[in-house]
Amino acid sequence: MAAKPQTHHARVEDAGSEFLVFTLGEEEYGIDILKVQEIRGYDAAVVTRIANVPTFIKGVTNLRGIIVPIVDLRIKFNLGKVEYNEQTVVIILNLDRRVVGIVVDGVSDVLMLNAGQIRPAPEFGATLSTEYLTGLGTVDERMLILVDIERLMTSDEMALVEKVAS
Amino acid sequence: MPCKTILVADDSATMRMIVQATLASENWSVLVACNGKDALAAIADQSVDLVVTDWNMPVMGGLGLIQGLRASAQHRDVPVLVLTTEEDQESKLAARDLGVRGWLGKPVDPDVLLDMATEILMQPQASIL
Amino acid sequence: MDLSQFFDTFFDEADELLAQMEQLLLELDVNTPDIEQLNAIFRAAHSIKGGAATFGCFQHLAETTHLLENLLDEIRRGEMALRTDMIDTFLETKDVLKSQLDAYRASAVPDEETFTRICGILRQIADEHREAVQGGGAAASSAVAPVAAPVAAPVAAAAAMPAAEVAPAATAAPVQVAPVAAASAPVAVAATAASADTSLPLCVRISGVSGKDAQSLLEEMGHLGRVLGHEQGAESLTVWVESTCSADDIEAVCCFIVDGDQIGISREAYDAQAPAATPAAPAPAQTAAPVPAAVQQAAQEAANVVAQAQSTSAGDISITTNAAPAAPSAPAAPRAAAKPAASAAGADKENTSIRVGVEKVDQVINLVGELVITQAMLAQIASTLDPVLHDRLLNGMEQLERNARDLQESVMSIRMMPMDYVFSRFPRVVRDIATKMGKQIELQTIGRATELDKSLIERIIDPLTHLVRNSLDHGIETPEKRIAAGKDPVGNLMLSAQHSGGNIVIEVSDDGGGLNRERLLQKAISQGIAISENASDDEVWQLIFAPGFSTAEKVTDISGRGVGMDVVRRNIQDMGGHVQLSSTPGEGTTTRIVLPLTLAILDGMSVRVGQETFILPLNHVTESLQPTADQIYSVTGNERVLLVRGEYLPLVEMHRVFDVAGAQADPMQAIAVIMQAQERRFALLVDHLVGQHQVVVKNLESNYRKVPGVSAATILGDGSVALIIDVFALARANREKSFSAEALLN
């Protein structure tokens, strides 16, 4: 998929919000489209490995002159088969000026969900701890797990951000 | 009023900006210099209709500037307005002897400056204040 | 007309005038003052007063300057004699004016107390003169001199701002932003009462400090004394520490991490039971303001130009096209150098310059970096072409490379600033400390025009100030001691900067008592540091840098006592440089700092390990060789050393450190690159060398985090990312393994 330009939408309650939907294993996830900078294919050849880091951090890559870490969410959350093929996609996120890439199984579409389509996330033993979930979205027959991707990526467990001693 | 040229000499950039901003208009063009020597150099090749100058400046002060003007054939009769502090009696007397059109005390009130400049430019040959 | 649009211009101009005023005051010869200097000082005060009065809303500034201007006027007309204590007062007035300006910049009101006090002192001088004149006046010059000093001291203490006495804090940030919070008053009272009682522990209160910094501060204080207890709030830290160090020393060390105005130190009993008193910290909002002011001041002082264009907010660089050279590049004593600078200042004011935001400059530097990378990539592809068939293309490529390199140098030079920006703050520091300690010291600066990248210039100020303080405090002896030792009573302190290769070498040199080897050794041994009696001098001097080294007791005979020297070294290493000491007992000490000219570009040696490419900083590479069997020795288990010209160097295998699969494990089939990190040498084992080239340094931490063993990253010609090795980290990892010939032969 080609790089997608950012669309800026005011967050109005009745109009709804736009989500980028991607797949990890059997599940579909939705994240705020405003956090997405672009989408690229995954090319192992251009990812430079970094030693002594968790396995889900694949390394860093050159994105038009900027050095961006690449995280494989499938490894991190033990989801599905960790394969790298033509469908494998890297979503480049821009989280308050921090640029990171996440490897996912695929990206499907961008959907608008209004408040009526979103239910609070239950406390089921989901792969992702509920503290990172903003709710469950329903569109037709599909159930989307809506994720606060910024919170997740900047959390300690993702080991992307230098820990601040408390 | 036809286009007039005003020369402003002051070593303080702030003052230059304030005076220039006060006097700049469609019909008046303002030249600036930071001391007497630079001021004379600035008008070496052109005529000027009014000189507004500070008294205390490095290299050459207001006194030197006025003397330089009076000594030049081209600028001998240009009216001069001096910006100075109230207490400085000596410099007032010295400048009066050189024939300045007026005094303006610091802190400068932009409106008063504008009025005085307008008056002088409308009557360049009026007698000394 | 709305005059507020001119505020920024006025603030900048006033800042510059105050800096000029200070420089001239320091150069004045009390006995025969130069009339031109007096006139210039008068004009500076006069201009500031004129501006302040014109705007009408800077009353404190206008009034203070008015009093100063009157005194200066009388002195320059010869109506009043100039005395040393007057110069002290004028310098103090300059400080107050600066703090008033800073307050106005932050849209705050200047401190009333300071204002009243300084006006009182100025009026007193005027009154005394008037009385003396009326009384038939020969006694004018013998007027009560000490008035200024005792008045200043208790008031400074009452303000609870040790910043007034501590130079390092003052130079790092415009600390003189007066403590606005009324809350500071009650603490101040307690401080004054308790400050005399040195049996109480020191209570250090730091505001606006986050978890990581708070941790570091706590650690540092642990090195300086015994921490009785501490309390950490959301944004603050309070530590009670028992130490033989003075509050000044503690503050100076803390200033490496926070600003002076975030620190308050008093003496208070530590009560583990009592709930924490509300830290009476100055409003955190103040910490935001001084930084932009400091950077703007930096831009002004460096460029020596008054901006004509609209000024932008924080982080500006001024670009000047100078008609006259700013400062002679040949060695020049401060007096000689200042005169051309001072007279050039008048002419330079009309130079064309533009204020540009730092982000824009960095953006340009980034883009040029990209260009260089693209050019390298094209060069790589072009190198595979038949040179005969494509000779025009290849010629064009060569031209492109030259153009790119020139462009890069040109762009990098935009960020370069002369060392004078740093050096110019020291005459004041030296004077203040010398006076305080009753010493006579002459300061010499060499190489003021030597340039260094702006970011490094900012970061070198703190360490340099620390070193200067140490030289003045512990290096240079009192006049009596010096005379007794057959030396000139006036001590000499020299600051120098020069380029050497791709580096800048900065030296702080004093002709004081030098370091005492025996004392240092004994102290080290008593602290359990492993060092042999036969260690070389260089190794003994290095002890100064050990954390918490010299704080066991206040021994006045030890020169070069290093409070915070470990922080100095760490700061310098973080900048990609290193520091070393040399000393001759009885003759003096020299501290030598070597820094890369810029952090943005590095001369690198690329090496291959397995399938991966790494970059070694070329200035740390001594040589490379293919080891032979008789050079390799096993020490313990799987650790080996390499014998190179009689020296046994630890063998560090890259593939082990960086866990690279498929690398060359046999040293004799690999290449050993001899690396030098300051005083440590080691041999780095890689598969093979690839080449040497300039690389554009990319920060890993902007999007990721600090990676151990890696200092930064770069983008190679093929677009891939290569990691740049942190040589100091690798060397430190081997620190514990000290190899001596005796150990190996057993």
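Before we start, one convention: angles under 35 degrees count as roughly parallel, over 145 as roughly antiparallel, 65 to 115 as roughly perpendicular, and the rest as oblique. This is a predicted model, where local features need pLDDT of at least 70 and side-chain atom pairs count only at pLDDT 80 or more, while totals for chains, interfaces and linings use all residues. Residues are numbered from 1 along each chain as its sequence is written, and chains are lettered from A and ligands numbered from 1 in the order in which they are written.

**Exercise 1. Work out how H1(B) and H5(B) are arranged.**

Step 1: grab the geometry. Helix H1 (residues 13–23) and helix H5 (residues 110–122) of chain B have axes that come within 10 Å and cross at roughly 55°. Axes here are lines fitted to C-alpha atoms, for helices over the stretch in contact, with angles from 0 to 180 degrees between N-to-C directions. Helices (H or I, at least four residues) and strands (E, at least two) are DSSP runs, numbered from the N terminus.

Step 2: name the arrangement. H1(B) and H5(B) are therefore oblique to each other.

Step 3: The crossing of H1(B) and H5(B) is right-handed; that is the clockwise case, while left-handed means the near helix is turned anticlockwise from the far one by less than a right angle.

Step 4: list who touches whom. H1(B) brings Ile18(B), Val19(B), Thr22(B) and Leu23(B), and H5(B) answers with Pro110(B), Leu113(B), Leu114(B) and Ala117(B). Contact means C-beta atoms, placed from the backbone, within 7 Å.

Step 5: sort them by class. You get seven nonpolar, one polar and no charged residues. Nonpolar covers Ala, Val, Leu, Ile, Met, Phe, Trp, Tyr, Cys and Pro, charged covers Asp, Glu, Lys and Arg, and the others, Gly among them, are polar.

**Exercise 2. Describe what chain C shows to its partners, chain B and chain A.**

Step 1: with chain B, 19 residues of chain C are in contact with 19 residues of chain B. Helix H1 (7–27) and helix H2 (35–55) of chain C each give two or more residues to that side, and the largest share, eight residues, comes from H2(C). The side of chain C splits into seven nonpolar, eight polar and four charged.

Step 2: with chain A, 22 residues of chain A meet 24 residues of chain C. On the chain A side, strands E5 (57–63), E6 (66–72) and E8 (98–104) each give two or more residues.

Notes
Two residues are in contact if their C-beta atoms, placed from the backbone, lie within 7 Å.
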